[in-house]
Amino acid sequence: MRVGITTFGGDGGTSGISRYIIKLLDQLAQLPEGPELDIVVYNDEISIFVPSTGRVEALSFGRRWYNPVLNVAWHQFALPGLCTKRNFDILFLPAGNRRLPIWAPCPTIGTVHDLSSIHVKEKYDPGRTFYITRVLPRLVRRLNLVLTVSESSKRDIVEYCGVPEDRVVVTPNGVDHEEYFQRDKEKARTRIGSKYGITGPFLLYVSRIEHPGKNHARLVLAFDRLKSRTGLPHQLVLAGGDWDRAQEVHRIASQCSHNKHIVFTGFVDHADLPYLYCSADLFVFPSLYEGFGIPILEAMACGTAVACSNVSSMPEIAGDSALQFDPYDEDEISVAMERLLSDDKLRDDYVQRGLARSREYTWHNTAVKTLEAFHRVLKEGR
C-alpha cells in the first residue's frame, strides 16, 4: 500500500496539529505491516515531519508554496496530478481542516481536527472564516473517509459538514510517554527557571498567544483576582509564541495589578516543555474550544494537576481527572485555581487521576486506528 501524505498546513512543528502529524507519521513508519509513505513536505521541514526510519520518501517543495492562496490552488490543480504520477493507493491529508483538494484520482482520507471558528466568533479574519465555514464543509463531504480526534469534533463534522456518521472515525491523539513523564520538580525548575524568567512557584498555560479563542485574557484577569484575594506567591507562566491578536493579551496583562507576576516566555523549545509541565504547581487550560487538547494529557503525564474548561472536547479528554470550570466565568476560573493550589490533598488526588488517565492515550494506538482506516477505504473502494 502506497499512501501519499501532505504536511502542508502543519505549522512547521509549532502547533497541536504539527504534533499530531509528527507523531502519527513516526508511528506509522514503525508499524511492521505499515504502508509505504510518500510525504509531501517543504524543503526546510523535512527534518521536522519525515521519519528517519521505515519505508518513507520525502517529496519536497520550495517555500513559495507556503503562500496560502498558492497553496490552496496547488491542492486543487497540482496535487491530483502528483497522485497519478506517484500511483498512490490512498491520499491522506492530516491537516484536513486547513487543506483539502476538491478531487483526487485515488481514495482520500482527511483528518478534520476541529471546526473551532463555528464556536469562537472572530477567531480568524473574514477570508479564512469564509473558507472554513463555506468552502471547507463541501470539500470534507467529498472525502471517502473523515478522521477526527474526539467525539466532540465528530458531532460537529456530522452536523455542520453533513457527513454521514458512519463515514467519520474517531482516532484520538496520544501522549509520547518517553518524553512526558514525572521528573523531580526542583531539578526541572532549575533547568528552565532562568531561561524563561521563572523565579518561584507558578501556574502554567501552554498555548500560542491567540485571542480570543485560547482565552488568555480571562485567565490573566482571573489570576489577577486570585493574587489580590489570596496573596499566593505564584507566577502565571504563559508559554507560547505570539499569534493572532496577541497584542491584546499583552495589553490586558500589562494593565493588571499583578502584571509583574505574569511571564510570557515566547516560543518554548520542544525539549523544554516536559520540564515546564513537571515544575509547575498547576496546569490551567481555559481554551474556549478544542478539538482535543493535547497539553491536558501532556501535563497529566508529567504528574501535574490540571484545571480545564468544561466545553467542547475537554471534558471528554480529561474525564474526572481534571477540575473543570466555565471558561467564560473569570470568578470560576479563579476559584478553581485557588482550590487546587490551597489544598495539597485535593491537588495530589488530581495528580494521581491524571497519571492514570494519560496512560490511556498513546500515539501507537492512534497509528493503529489510522492504518485500520486505510484498509477500510481500500476494501470499500471509491
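**Close-up views of a predicted model**

**View 1. Pairing of strands β12 and β13.** A307 has L323 in β13 as its bridge partner, in a model that is predicted. Strand β12, which spans residues 306-309, is joined to β13 by three bridges, and the two strands run parallel.

**View 2. The six-stranded open sheet.** The strands of this open sheet follow the order β10-β9-β8-β11-β12-β13, and their pairing is parallel. At the edges stand β10 (262-266) and β13 (323-325), each of which pairs on one side only. On average, and with direction ignored, neighbouring strands of the sheet are turned by 25° against each other. Helix α12, made of residues 294-301, lies across β8 (202-206), β11 (282-285) and β12, and runs at about 170° to β11.

**View 3. The largest nonpolar core and the surroundings of M337.** This core, the largest of the nonpolar cores, holds 97 residues, and L204 and M337 are those with the most contacts inside it. Helix α1 (residues 16-30) supplies the largest share of the core, namely eight residues. When residues up to four places away in sequence are not counted, M337 touches L203, L219, A222, F223, L226, L282 and V284. Another core, of 28 residues, lies apart from the largest one, and among its members are F8, L59, A104 and I132.

**View 4. The packing of helices α3 and α4.** The axes of helix α3 (residues 68-77) and helix α4 (residues 79-86) come within 4 Å and cross at roughly 45°. Because angles under 35 degrees count as roughly parallel and those from 65 to 115 as roughly perpendicular, α3 and α4 are therefore described as oblique to each other. On the α3 side, W74, H75, Q76 and F77 take part in the contact, where they meet L79, P80 and L82 of α4. Sorted by class, the residues in the contact of α3 with α4 are five nonpolar and two polar, with no charged residues.

**View 5. Strand β2 and its partner β1.** Strand β2 (residues 36-42) has six of its seven residues buried, so this strand is largely enclosed by the rest of the structure. Strand β1, which covers residues 2-6, is joined to β2 by five bridges, and the two strands run parallel.

Definitions and conventions
Residues are numbered from 1 along each chain as its sequence is written. This is a predicted model: local features need pLDDT of at least 70, side-chain atom pairs count only at pLDDT 80 or more; totals for chains, interfaces and linings use all residues. Side-chain values use heavy atoms; hydrogens and water are left out. A nonpolar core is a set of buried Ala, Val, Leu, Ile, Met, Phe, Trp, Tyr and Cys residues joined through side-chain atoms within 4.5 Å. Buried means under 20% relative accessible area, exposed over 50%, partly exposed in between (1.4 Å probe, protein chains only). Contact means heavy atoms within 4.5 Å. Two strands pair if DSSP finds at least two bridges between them. Axes are lines fitted to C-alpha atoms, for helices over the stretch in contact, and angles run from 0 to 180 degrees between N-to-C directions. Angles under 35 degrees count as roughly parallel, over 145 as roughly antiparallel, 65 to 115 as roughly perpendicular and the rest as oblique. Ala, Val, Leu, Ile, Met, Phe, Trp, Tyr, Cys and Pro count as nonpolar, Asp, Glu, Lys and Arg as charged, and the others, Gly among them, as polar.
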